[in-house]
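Let's walk through this one together, a question at a time. Have the sequence and the 3D view ready.

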Amino acid sequence: MIITNMQQFDLRDYIKFKRISKKISLNNFAIKNGITAASLSRIENKKYELKYTMLEKIAKGFSMTPGEFLIEYETYIKTHK
């Protein structure tokens, strides 16, 4: 499953925003969650598609399920338009 293009753009921004707001370096987040730093960088910089399997790893890195992460993202988008 691939997230749609419009969601993907905003979702990737949100991933980076959330990681930085938690003061977690890209390298540390990637290593702790079984993601290569290069892949995470490409996702955050919108050069790589965000697949559901990667979303699972990213959500887990924030101690969330993919569903919880997407709900949080949706709430953030609605309150920050």
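Q: Is Y14 buried or exposed?
A: First, this is a predicted model, where local features need pLDDT of at least 70, side-chain atom pairs count only at pLDDT 80 or more, and totals for chains, interfaces and linings use all residues. Residues are numbered from 1 along each chain as its sequence is written, and side-chain values use heavy atoms, leaving out hydrogens and water. Buried means under 20% relative accessible area, exposed over 50%, and partly exposed in between (1.4 Å probe, protein chains only). Y14 has 6% relative accessibility, so Y14 counts as buried.

Q: What kind of aromatic pair do Y14 and Y76 form?
A: Rings of Phe, Tyr and Trp (its six-membered ring) pair if their centres lie within 6.5 Å; planes under 30 degrees apart count as stacked, over 60 as edge-to-face and the rest as tilted. For Y14 and Y76, it's 5.1 Å centre to centre and 45 degrees between the planes, and the pair is tilted.

Q: Which helices does the pair of Y14 and Y76 link?
A: Helices are DSSP runs (H or I, at least four residues), numbered from the N terminus. The two residues sit 62 apart in the chain, with Y14 in helix 1 and Y76 in helix 5.

Q: Why is the pair of F17 and Y76 tilted?
A: F17 is partly exposed, at 40% relative accessible area, and Y76 is partly exposed too, at 25%. Their ring centres are 5.1 Å apart, and the pair is tilted because the planes are at 35 degrees.
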